[in-house]
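I opened this notebook to keep track of what I looked up in one structure. The entries follow the order in which I worked.

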Amino acid sequence: MTAATGSAALEELFAAAKEAQAKAYAPYSRFRVGAALRSDTGRIHAGCNVENAAYPVGTCAEAGAIAAMILAGDHAIAEIVVLGEGPELCTPCGACRQRLREFAKASLTVHVAGPEGLRARFTLGELLPHSFGPDNLA
Ligand code: THU
């Protein structure tokens, strides 16, 4: 799918993702990622990837944004921008798709961006079909 042209709210989310990307700690992969989500309260929460010399311990940008959201007291993701480097689409990794699922419906719009702007958008349902989520344990 192609990227939506920006509403002011989406521009704001993109800007927050770009600001977060600039703070990424990625000395090993040198692949900096920023994520910014808008929660259902309208607030923006952002995160960046934080790598570690013990490689598997590193965390993704989406995980940071979700942690910031929970710390702020919000619990539902309304929209998210994930911004990476390089020519390929920086779609959320498999683990982050599941992390997003915990706090979002299948209809969540996931915008994928590069430094120059939005590149594509998907629903979470497209990225993680037939998912297992909180409803399974209700
Ligand atoms: N990365 C993210 O932050 N989010 C993703 O969804 C894809 C991958 C990070 C993890 C690692 O620090 C770097 O990108 C290279 O994989």
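I began with aromatic pairs, for which I counted rings of Phe, Tyr and Trp (its six-membered ring) as paired if their centres lie within 6.5 Å, with planes under 30 degrees apart called stacked, over 60 edge-to-face and the rest tilted. The model is predicted, so I kept to the rule that local features need pLDDT of at least 70 and side-chain atom pairs pLDDT 80 or more, while totals for chains, interfaces and linings use all residues. I number residues from 1 along each chain as its sequence is written, and my side-chain values use heavy atoms, with hydrogens and water left out.

**Entry: aromatic pair**

How many aromatic pairs does a search of the whole structure find? I found one. Tyr-28 and Tyr-55 form this pair, which is tilted, with 5.5 Å from centre to centre and 40° between the planes. Tyr-28 lies in the loop between α1 (8-21) and β1 (34-39) and Tyr-55 in the loop between β2 (44-48) and α2 (61-72), so the pair ties together parts that are 27 residues apart in sequence.

I then checked accessibility, where buried means under 20% relative accessible area, exposed over 50% and partly exposed in between, with a 1.4 Å probe and protein chains only. Tyr-28 counts as partly exposed at 39% relative accessibility, and Tyr-55 counts as exposed at 61%.

**Entry: ligand**

Which residues are around the ligand? Taking a residue as near if one of its heavy atoms lies within 4 Å, I listed Ser-29, Phe-31, Val-33, Asn-49, Glu-51, Cys-60, Ala-61, Glu-62, Thr-91, Pro-92 and Cys-93.

For polar contacts I used pairs of N or O atoms within 3.5 Å; within protein, one atom must be able to donate a hydrogen and the other to accept it, and residues adjacent in sequence count only if both atoms are side-chain atoms. A side-chain N or O atom of Asn-49 is 2.9 Å from an oxygen atom of the ligand, and for the side chain of Glu-51 the corresponding distance to a ligand oxygen is 2.5 Å. Cys-93 contributes a backbone N or O atom, which lies 2.9 Å from an oxygen atom of the ligand. Taken alone the ligand exposes 370 Å², of which the protein buries 76%, by the Shrake-Rupley method with a 1.4 Å probe.

**Entry: positive phi**

I looked next at backbone angles, since most residues other than glycine have a negative phi. Arg-30 has a positive phi of about 60° although it is not a glycine. Arg-30 sits in the loop between α1 and β1 and counts as exposed at 64% relative accessibility. For His-130, also a residue other than glycine, I noted a positive phi near 50°. His-130 belongs to the segment after α4 (124-127), and at 84% relative accessibility His-130 counts as exposed.

**Entry: separations in sequence and space**

Finally I compared distance along the chain with C-alpha distance for a few residues. Arg-121, in strand β5 (residues 117-123), is partly exposed at 33% relative accessibility; Arg-121 and Val-110 are eleven residues apart in sequence and 5.5 Å apart in space, C-alpha to C-alpha. Leu-89, in the loop between β3 (77-83) and α3 (94-101), is partly exposed with a relative accessible area of 39%, and its C-alpha atom is separated by 7.8 Å from that of Gly-114, 25 residues apart along the chain.

Ala-46, in strand β2, counts as partly exposed at 34% relative accessibility; the C-alpha atoms of Ala-46 and Glu-19, 27 residues apart along the chain, are separated by 8.7 Å. Is Ala-26 buried or exposed? Ala-26, in the loop between α1 and β1, is buried, with a relative accessible area of 6%. I noted that Ala-26 and Asp-135 are 109 residues apart in sequence and 35 Å apart in space, C-alpha to C-alpha.

Terms used. Helices (H or I, at least four residues) and strands (E, at least two) are DSSP runs, numbered from the N terminus.
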